[in-house]
Amino acid sequence: MSNDSTLVDKIGTVTNHLTNQNIYDRIYAAISERQLLPGTKLSEERLASAFHVSRTRIREVLSRLSQELIIELQPNRGAFIASPTREDMRDVFQVRQALERGVVTRLCEAPPRPSIAVLHRHLSEEAQARAQGDRTALAKLTGDFHLRLAEATGNRLFTDNLRRLIALTGLIIAQYGALDSSACADHEHGDIVKAIESGNGEEAARLMQEHLQHVEDGIKAPNDPDREIDFERIFGLAQPGRIKKNGPSLTGSKGDISVLD
């Protein structure tokens with residue numbers, strides 16, 4: 001057996017041991033990082049093939065994502081990445097404003113020293129991604145910064161709710177704004193961390209409010225992308241030596257982006 005074949009067998013074995021949580025995390029990350037865009041059809045058959053699991057397990061994961069409003073389950077059509085409306089955008093940012101002002105105010109009450117160090121390392125990673133022009137990494141890091149703040153509070157409700165809101169924000173940016181126009185300004189995350197270090201809750205809350213307003217203001221006119229979706233590549237499941245066959249255009253009716261065999 002060739003080395004490539006052996007590696008393929010090993011990859012297949014590994015993916016067979018993925019839990020539903022593993023699958024959820026990979027799909028969620030792809031959506032948050034805007035690798036899967038609004039309107040993309042999530043074919044149960046294609047996902048089951050990519051993850052080497054049953055369609056029943058994929059259906060369970062999609063149901064969970066639907067409950068979190070990240071995907072939409074349409075009768076007789078299947079699962080689609082949610083396509084947020086302008087009203088959804090307003091609602092998401094309104095909730096984020098309230099939630100994240102609470103997060104930074106809580107942190108200012110007693111700034112956790114280990115978490116401050118984690119935040120500074122995170123800021124360094126953001127700076128490196130900017131310097132390298134790595135937009136994909138920067139998109140992930142800027143969202144993760146807000147999660148790091150929530151995690152530092154030790155309040156799971158902060159973290160769980162913000163995680164969902166960040167995923168919805170990623171969908172909104174993908175649908176209504178270019179990645180550059182909605183990117184965080186270079187200094188804003190750093191300014192928030194400085195306010196937390198100083199214990200100035202009022203200043204930290206003000207900076208967070210202004211920061212989120214800048215992100216919302218940077219989201220512009222609708223943008224309907226049209227590209228082929230490679231689930232194996234997105235989820236890190238690509239198998240060496242596999243030849244991907246060319247398919248037809250994936251743009252369906254009403255702007256949906258479908259994945260066809």
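Visitor: Hi! What kind of model is this, and how are residues numbered?

Guide: The model is predicted, so to speak of local features we need pLDDT of at least 70, and side-chain atom pairs count only at pLDDT 80 or more, while totals for chains, interfaces and linings use all residues. Residues are numbered from 1 along each chain as its sequence is written, and side-chain values use heavy atoms, with hydrogens and water left out.

Visitor: Thanks. How many helices and strands does the chain have?

Guide: There are 11 helices and 3 strands. Both are DSSP runs numbered from the N terminus, with helices being H or I of at least four residues and strands E of at least two. Along the sequence the pattern reads α-α-β-α-α-β-β-α-α-α-α-α-α-α.

Visitor: And how much of the chain is buried?

Guide: Buried residues make up 46% of the 261 residues. Buried means under 20% relative accessible area, exposed is over 50%, and partly exposed is in between, with a 1.4 Å probe and protein chains only.

Visitor: Let's look at helix 5 and helix 7. What is the angle between them?

Guide: Helix 5 (residues 86-109) and helix 7 (residues 135-152) pack at about 55°, and their axes are 9 Å apart. The axes are lines fitted to C-alpha atoms, for helices over the stretch in contact, and angles run from 0 to 180 degrees between N-to-C directions. Helix 5 and helix 7 are therefore oblique to each other. Under 35 degrees counts as roughly parallel, over 145 as roughly antiparallel, 65 to 115 as roughly perpendicular, and the rest as oblique.

Visitor: Which residues make the contact?

Guide: From helix 5 they are R96, E100, V103, V104 and L107, and from helix 7 they are H146, L149, A150 and A152. Contact here means heavy atoms within 4.5 Å.

Visitor: New topic. What aromatic pair turns up in the structure?

Guide: A search of the whole structure finds 1 aromatic pair. Y24 and Y28 form that pair, stacked at 6.0 Å centre to centre with 15° between the planes. Rings of Phe, Tyr and Trp (its six-membered ring) pair if their centres lie within 6.5 Å; planes under 30 degrees apart count as stacked, over 60 as edge-to-face and the rest as tilted.

Visitor: Where do Y24 and Y28 lie?

Guide: Both are in helix 2 (residues 20-32), 4 residues apart, about one turn of the helix. Y24 and Y28 are both buried.

Visitor: I31 is in helix 2 as well. What does I31 touch?

Guide: Not counting residues up to four places away in sequence, I31 touches L36, I70, I71, I81, A167 and L171. I31 and L171 are 140 residues apart in sequence, but 7.1 Å apart in space, C-alpha to C-alpha. I31 is buried, with a relative accessible area of 0%.

Visitor: Why is helix 3 described as largely enclosed?

Guide: Because 6 of the 8 residues of helix 3 (residues 44-51) are buried. They are E44, R46, L47, A48, A50 and F51. Helix 3 is followed by H52, whose phi is positive, near 60°.

Visitor: What do the buried residues of helix 9 pack against?

Guide: They pack against helix 5, helix 6 (113-132), helix 7 and helix 10 (201-217). Among the buried residues of helix 9 (residues 188-198) are I192, V193 and I196. Just after helix 9, G199 takes a positive phi of about 75°.
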